[in-house]
Every structure is written in C-alpha cells, then in structure tokens.
Amino acid sequence: MSRSYRHIKEYKKEILKLKSNREICQKMGFELKQLKNIITRYNTNHRKLAAGITIKSNGRHLKGEVVLPPSIQ
C-alpha cells in the first residue's frame, strides 16, 4: 500500500486516541512491527523526559552549525 510520507509526529495524536494495535494498523496503514517501533520510541522518549534527561536529535549537524567540543567551550 503506497502512501505519501508524513512525519510520525503528525500521527501521534491519532494513534493515542485509538484502542488496539490492530485497529491502529488498519486505519493508518502501518504494519504491526512498524507500530511497535513507534510505540517503543514514544515510551522511551517519555521515560527520558520524566527522568530529566534531554533528548538529542540524531544524525549529523547542519552545515552552518558549529559545534565546539566541551574542552574548548
């Protein structure tokens, strides 16, 4: 089933309203494994926030952004 790409943050409110994983998969067009990964990431981020740990973005830094090592700052 092909669909246009939407960022997962756009689905969050809709997913949290629905009751079962099967219902979510059918309505949103996800596979069960994809949904379980989404829920795991969501729960991990909320546990980190509750513990006071900041959530860092993944990937490379932007080209214009200069990041200095802690020893230089």
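Helices here (H or I, at least four residues) and strands (E, at least two) are DSSP runs, numbered from the N terminus. The model is a predicted one, so to speak of local features a pLDDT of at least 70 is needed, side-chain atom pairs count only at pLDDT 80 or more, and totals for chains, interfaces and linings use all residues. Residues are numbered from 1 along each chain as its sequence is written, and side-chain values use heavy atoms, with hydrogens and water left out.

The overall layout comes next. The chain has 3 helices and 0 strands, and from the N terminus on its elements run α-α-α. Of its 73 residues, 12% count as buried; buried means under 20% relative accessible area, exposed over 50%, and partly exposed in between, with a 1.4 Å probe and protein chains only. Contact means heavy atoms within 4.5 Å. Among contacts between residues at least 6 apart in sequence, 21% join residues at least 24 apart.

Now to the inside. The largest nonpolar core is made of 9 residues: Y11, I15, L18, I24, C25, M28, F30, L35 and I38. Such a core is a set of buried Ala, Val, Leu, Ile, Met, Phe, Trp, Tyr and Cys residues joined through side-chain atoms within 4.5 Å. Two or more residues of this core come from each of α1, α2 and α3, and α2 gives the most, with 3 residues. In soluble globular proteins, nonpolar side chains tend to be buried together.

Helix α2 has two faces worth a look. I24, C25 and M28 are its buried residues. They sit on the same side of α2 because they cover an arc of only 100° around the axis, the arc being that of the directions from the helix axis to the C-beta atoms. An α-helix has 3.6 residues a turn, so residues three or four places apart point the same way. The buried residues of α2 pack against α1 and α3, while the face turned away from them carries the exposed residues R22, Q26 and K27.

I24 makes a handy example from helix α2. With a relative accessible area of 3%, I24 is buried. Leaving aside neighbours within four places in sequence, I24 is in contact with I15, L18, G29 and L35. I24 and E14 are 10 residues apart along the chain, and their C-alpha atoms are separated by 8.7 Å.

Then there is the largest pocket, which holds about 830 Å³ of space. On a 1 Å grid over the protein atoms alone, a pocket is an open set of points where a 1.4 Å probe fits, with protein on both sides within 12 Å along at least five of seven lines, and lining residues have an atom within 4 Å of a point. Grid points are joined across faces, edges and corners, and the volume is the space filled by probe spheres set on the points. The pocket is lined by 30 residues, of which I8, I38, R41, Y42 and N45 are the closest to its centre. At least two lining residues come from each of α1 (8-17), α2 (21-28) and α3 (32-51), with the largest share, 9 residues, from α3. The lining divides into 13 nonpolar, 9 polar and 8 charged residues. Here Ala, Val, Leu, Ile, Met, Phe, Trp, Tyr, Cys and Pro count as nonpolar, Asp, Glu, Lys and Arg as charged, and the others, Gly among them, as polar.

N45 belongs to helix α3. It counts as partly exposed, because its relative accessibility is 31%.
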